[in-house]
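Please have the sequence and the 3D view open as you read.

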Amino acid sequence: MSETRRLEDVSDRNLALELVRVTEAAAIAASRWIGRGKKNEADGAAVEAMRKAFDTVAIQGTVVIGEGEMDEAPMLYIGEKVGCGGPAMDIAVDPLEGTTITAKGGPNAIATVALAEHGNFLHAPDIYMDKIAVGGGLPDHVVALDAPVKENLKNLALAKGVEVSELMVCMLDRERHAEQIAKIREAGARIMLLGDGDVAGVIAASLPGGGVDMYLGSGGAPEGVLAAAALRCTGGQMQGRLMFEDDGQIERARTMGITDPNRVFTLEEMAKGDVMFAATGVTSGAMLNGVRRVGHGAVTHSIVMRSKSGTVRYVEAHHNFAKKDFAL
């Protein structure tokens with residue numbers, strides 16, 4: 001291996017760990033609002049902390065999936081430049097996925113961020129996306145967004161060598177999913193319904209021991225891109241289609257480079273090239289433990305992944321707030 005390649009690998013590994021510091025900052029800030037019934041305050045704290053943490057990351061970053069347009073969000077808005085200088089990177093963020101979960105003290109709230117080289121993330125508008133995702137090690141096209149639910153379950157069970165009754169399907173607990181839920185149960189599979197947080201649900205489908213065989217249903221399109229970034233690192237299959245409500249949304253998507261409103265995007269079309277992903281638990285869930293505040297500090301639990309190496313690392317960090325030079 002050349003010296004240049006070794007230096008690039010070291011730089012990538014260091015950058016991946018810098019992302020963990022960014023998500024840790026957001027998670028710790030949001031944790032102060034767990035169970036206090038104020039989702040906007042929790043989200044605002046996470047956004048502010050994440051934005052400040054980005055000031056120390058050695059990239060020239062552009063937010064392409066963020067908190068909304070500049071006139072809607074004071075920080076981490078689409079198009080905002082972050083970082084202290086370095087390679088040009090596109091950034092996808094959700095400083096607090098699960099604002100309502102956090103406000104109610106429920107499970108599976110996380111802080112997430114993903115990085116890719118410029119132009120490698122789908123610029124998805126803040127609308128709904130219909131999604132389907134499964135883990136790695138399966139035949140290509142084992143499931144399809146437009147295939148009947150029963151057919152997808154049958155093909156997935158066959159590929160995994162199990163009965164349909166052993167499959168666990170994860171989806172958001174929403175009234176719009178009532179028909180899909182009925183068809184899944186009719187086919188004999190089990191269902192894990194989430195109150196919120198479909199990024200964690202998609203990731204669970206790709207992690208050994210995640211307890212999920214397939215993710216299905218509609219959720220936020222920006223969250224879909226973040227989930228795709230994670231799947232690029234862990235391995236898996238995913239498809240998504242944007243769900244437009246009016247011509248205005250279609251026109252908005254055209255300005256972002258999406259010309260076919262009916263297009264089904266593959267995993268590689270949503271997140272391509274070398275991708276890095278990090279998440280820190282805010283409240284405990286199936287994937288990550290939540291922030292545990294202890295005395296003048298806190299303990300955080302994070303996951304960090306790189307598509308280049310396929311390595312998945314879990315990081316437990318003990319933070320000392322009393323240190324004057326303390327930095328996340």
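A disulfide is a pair of cysteine sulfur atoms within 2.5 Å. With that cut-off, a search of the whole structure turns up zero disulfides. Take Cys-233 as an example: the closest cysteine sulfur, in Cys-170, is 19 Å from its own, too far for a bond. Cys-233 also counts as buried, because its relative accessibility is 4% (buried means under 20% relative accessible area, exposed over 50% and partly exposed in between, with a 1.4 Å probe and protein chains only).

Before going on, a word on the model: it is predicted, local features need pLDDT of at least 70, side-chain atom pairs count only at pLDDT 80 or more, and totals for chains, interfaces and linings use all residues. Residues are numbered from 1 along each chain as its sequence is written, and side-chain values use heavy atoms, leaving out hydrogens and water.

Now for the backbone. Most residues other than glycine have a negative phi. Asn-108, although not a glycine, has a positive phi of about 75 degrees. You will find Asn-108 in the loop between helix 3 (99-104) and strand 4 (110-117); helices (H or I, at least four residues) and strands (E, at least two) are DSSP runs, numbered from the N terminus. His-141 has a positive phi too, near 60 degrees, and sits in the loop between strand 5 (128-135) and helix 4 (149-160). Are these two residues buried or exposed? Asn-108 is buried at 18% relative accessibility, whereas His-141 is exposed at 69%.

Helix 4 packs against helix 5 (residues 178-187) at an angle of about 45 degrees, with the axes 9 Å apart; axes are lines fitted to C-alpha atoms, for helices over the stretch in contact, and angles run from 0 to 180 degrees between N-to-C directions. That angle makes helix 4 oblique to helix 5 (under 35 degrees counts as roughly parallel, over 145 as roughly antiparallel, 65 to 115 as roughly perpendicular and the rest as oblique). Where the two helices meet, Val-149, Lys-150 and Leu-153 of helix 4 contact Lys-183, Ile-184 and Ala-187 of helix 5, contact meaning heavy atoms within 4.5 Å.

Our last stop is Thr-300, in strand 13 (residues 297-306). Thr-300 is buried, at 1% relative accessibility. Leaving aside residues up to four places away in sequence, Thr-300 touches several others, including Glu-24, Ile-28, Val-315 and His-319.
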